[in-house]
Amino acid sequence: MTSSEVGDFCDPMDAEIKAKIKNLVVFMCNECGQGAANTAGVARMGYDAAIRIVRVQCSGQVGPIQIMDALNNGADAVGVVGCCLGACHFFNGNILSMHRIKLMKKLFKELGYSDQFVNQWTARAAEGETSVGDFEDMVDRLAVAIKNKGTIKDGC
Amino acid sequence: MVKEKTFAFFLGCIMPNRYPGIESSTKFMMEKLGYTILPMERASCCPAPGVFRSFNKVDWMVAAARNICIAEQMDTDIITVCNGCFGTLQEVDHHLKENEDHKVLVNEKLKKLGDYEYKGSINVRHAAEVLGYEVGPWGIEEFLVRKVKARVAIHYGCHLLKPVSVRGLDSAEKPSMLEDFLEPLGAESVDFVEKYTCCGAGGGVKAFDGNASMTIFEEKMKNIDAVKPDFILSPCPFCHLQFETGQDWLNKNKGTNYDYPVIHLSQLVAYCMGMDQKQTGLQFQMMGKDYIFQSEEIKQEEEVS
Amino acid sequence: MTKANNEANVSELETEEEPRIAVFVCHCGHNIAGTVDVEKVAESAKDLPNVVKAEHYMFMCSKTGVKMLQDSIKELGVNRTVVASCSKLQHGRTFAKAIEEVGLNKHKHQQVNVREFCSWVHKNDKEGATQKAIQLVEAGVNRARKLEDVETRKIPTTKAALVIGAGVAGLRAANDLAELGVPVTLIEKNSTIGGHMTQLNKTFPTLECPQCSISPLTNGVANHPLIDLYTLAQVKNVEGSMGNFTVEFEIKPRYVHDNCTSCGECSSVCPIEVPSEWDKGMSMRKAIYKAYPQAIPSTFVRDKQTCIGCNSCINVCPVQAVDFSMKTEKKTVNVGSIVVAAGFNEYDPSEIEPYHYGQDGYDDVITQLQLERMLSPTSITNSEVLRPSDGRIPKNIVMIQCVGSRNDQVGNAYCTGVCCKFAIKNARILKENYPNSNVTICYIDVRTPGLNFEELYKSAQEIGVRFIRGRPSEILRNPLTGELRVIVEDTLSMTPLQLKGDLVVLSAAMVPPEGIGPLGSRLHVLRSKEGFLKEFHIKMNPTLSSKGGIYLAGAIQGPKDISESVAHAGGAAALAAAHLVKGYIEKEMLIPKIDYSLCISCGLCKTVCAPAAIDVDQDRVYSVNEVACKSCGMCMPACPTGAIQLINFSDDQLRDEIIPLSGGEAHCHD
């Protein structure tokens, strides 16, 4: 996304759009992903209640089936969180996951939908605030995408 | 598609103004080797890689790109016989071929200068590497009319080989391109201390700090003098100028007695290919006025069929 | 796991009992109940299919709470439990253990996090948090519904180990394993054991003789009843997994039988002389030779490549030990653990052009290992340090640090961490032996951490070793006199210097050993970007490789000195011995199953499997190696037909969890 697409977040219309976002499914890996979410919880960091976390063994376990299951059943967007580069407990699951998500984004774009339906982030078990930032990022990106391009729901 | 065996001859500044003998030697040599040498109309100063680049890198690129455009419009590669011009033109050409953003920026500015658009369709060559690698020591033999008998202090200069990652010609620590090429010409390369250092002129040093320039040069001449070569050979008119005026300055200010002839690669090769020594213009240079090549005519052998 | 086993398990699933689920929502004092309406959540769970009990309670982790859980199983025939409380890390195990105590498989518990993931992070949105908790519980119940038993299996192990590499780390590991009663096969690719330590003159910081230090170990290992030593041996193939490996290795012919008495007659009549690799080129050896006098094994060895076949050695051997007809042997061993102690190589500085190492005219530029060879007691120079060019004692010795280390140009960004110590050690010895010589060390930083090393550094300064902070740019040679000068700037006084170097010693880096690429791929272990073998976890598990059952000992895991290598090797041996001495590996069979009616034998699952836990036989039937599998699930998305599914994490089960969390309204896509 270029800076021109991001737009101005003080716009009241954005708050309206964000209120509509109810279900964001985030797949977080068993190691750094769960670690970061737990750290955020223990530190009582606040984030949007639309975020729902699903525990998977490794971000590399998340495939198109899981992503489409979420989107087809009402999720507004999907996030995948794996360990930061070099720290994957299973060595290269996070890298495999990055490639997969990149392909899915391309696919969505080619089908005429927004490429913000799925995004990938990395986490570090001790950095709760990074994951919370990523959750906010997820909401923001979706809000802009809805403003500019429409979602699966609207296109239905 | 660039024209084969054709070059746009980039003259630079020092050679046409101070050493026209190098220019005529170059034309003689290249044409004898079967290349067509074309003049570049409206070509400007390269601009110099030391002074100009240090003031304004973007405009330096734009001016260099304009020179390259002239050759692109002629559909030929550029040939130059100056390390400085080679340094600027080859580096800018290489850079703009890789960096899309800068290419766009340069082309935007070029529009203000006229109908110029840098495309990256030609290559920039130095006569030293055309001779050294394309013609090669194996290829030059059939064109030789005579060999010299000389012990030569070879000075590579700086911008010809460096930066190695951009030029891609030869090792900068222990090059052999010129030594190998000059062997069939009879020139024996003499090794001397700190052979690969700068002459002290380039990089804006001569313009900014003449004393520093001479300090560097003094050291170089001392090392060359220790091996007493017949002459000094260089592939760059700026180094050429430094060796000439520098020896003179040292003689006047440091009490030395240097009189080493300074010979550009083109002058030597043209002479060995049959050009009269008078045509090389050596007699008009400051140093080694009385020097005459010690030569040996080569009898061309009949081809055994 | 064979195809037959897989099929049997699939049919077992179909005859599962009817799920009876109990749901408990915890208040956790105010932690959860302060934000989430726990009563409402418990109520909503009551209506879910298969839920026979849904309650809320103050503290589920308390004795009373746990008892509630257990009672539901005992009294209501509950066979799957859901507790909505804190994180799985916190109390997941508590509840799993609790249900196991009353006879349920511990994997039948589903932990739902409504605290860290809900109440604690949505304090300002009570309505949103409650709604989310309701969905989280529904997802948890859905998940619990299809949970299967996961067995914890005891896999018997083969009580034997293979140690690759007989340098100091490999020797230590082999010795420690043998002392624990584990039979060890120790293989070494060179003709002698002891590795680089035997090439050193003295070891820091105590300046002891390394041959003396290592000799009890080398002799101990060579004579140990439980250790089988093979030299000139290299691994060819590795199959199997932790606890049960089958390793095939190849032993090159020595051409000299073991009855060799080490008399040396063969060497003395051999007409061929080549530079000695063990002596780093500082002396010559014959085509039939022993690397050095104290070498173990003491049997001589013939270098077939340089031998001209004159047979003089055969004729002169008093015990007829020389035999040119000896052939390469292959051997296969079954082991439960593999310890890789393949060591390191000294970086070859010829790559750094400005230092001209190895070029004509630069004979007096040597490496620290070559210096050690000259200084050592059995050296050809009789321990004198002489210039290779003219054999004279150097008056000016310059050492250059960080050659090949901390160097982005050649691609080794790391600091070896050992070179400052050995350079200072050698500089001190040089200054003591030649008090009239000038010894200078050119450094970027002096790194001498650890007990006794700062003291070594100080003592070197006191004895007159000069330290110049600057990285030399080149070694210049005067073509007329042959004199070498090191060009360096003293960056502390900002003075450019030209140091006369009668002898220039390069402190070269420690780099991965030759042949580590093929060896690493045969073992299916991962390498770091610098080329060393990658440890499992840099802090918590530096002696385990990326593959279970394969352990790393010594410098193969990264540059280390001798003390660190020995300690590292001891750790590796302990880990390697654990499951061998115990006799079995206990593993939770959280592994994928393959549905052969869907499998098309494309092999993509095997391609993405990092622990190399998927096998294929000659009929192209794919199966899961139960021991090697790490339960990551990466194979699932790779499979185009969905044939491979991780137990309790199948696409089906994940979907059940995802649907309620997505909002639960299916979309109108057809």
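## A buried glutamate and its partner

Glu535(C) comes out as buried, with a relative accessibility of 8% (buried is under 20% relative accessible area, exposed over 50%, partly exposed in between, using a 1.4 Å probe and protein chains only). Its salt-bridge partner is Lys534(C), with the closest N and O atoms 3.6 Å apart (a salt bridge puts a side-chain nitrogen of Lys or Arg within 4 Å of a carboxyl oxygen of Asp or Glu). Lys534(C) is partly exposed at 25%.

This is a predicted model, where local features need pLDDT of at least 70 and side-chain atom pairs pLDDT 80 or more, while totals for chains, interfaces and linings use all residues. Residues count from 1 along each chain as its sequence is written, chains are lettered from A and ligands numbered from 1 in written order, and side-chain values use heavy atoms, leaving out hydrogens and water.

## Bridges across chain C

Over all chains there are 45 salt bridges. One of them pairs Glu588(C) with Lys106(C) at 3.0 Å, N to O. Glu588(C) sits in strand β28 and Lys106(C) in the loop between α5 and β4, so this pair ties together parts 482 residues apart in sequence (helices, H or I of at least four residues, and strands, E of at least two, are DSSP runs numbered from the N terminus).

Arg285(C) and Asp303(C) also form a salt bridge, at 2.9 Å, and both are buried.

## Between the chains

Two pairs of chains touch, and A with C has the most contacts (heavy atoms within 4.5 Å). Chains A and B share no contact; their closest C-alpha atoms are 16 Å apart. One salt-bridge network links Asp69(A) with Lys146(C), Asp652(C), Arg655(C) and Asp656(C).
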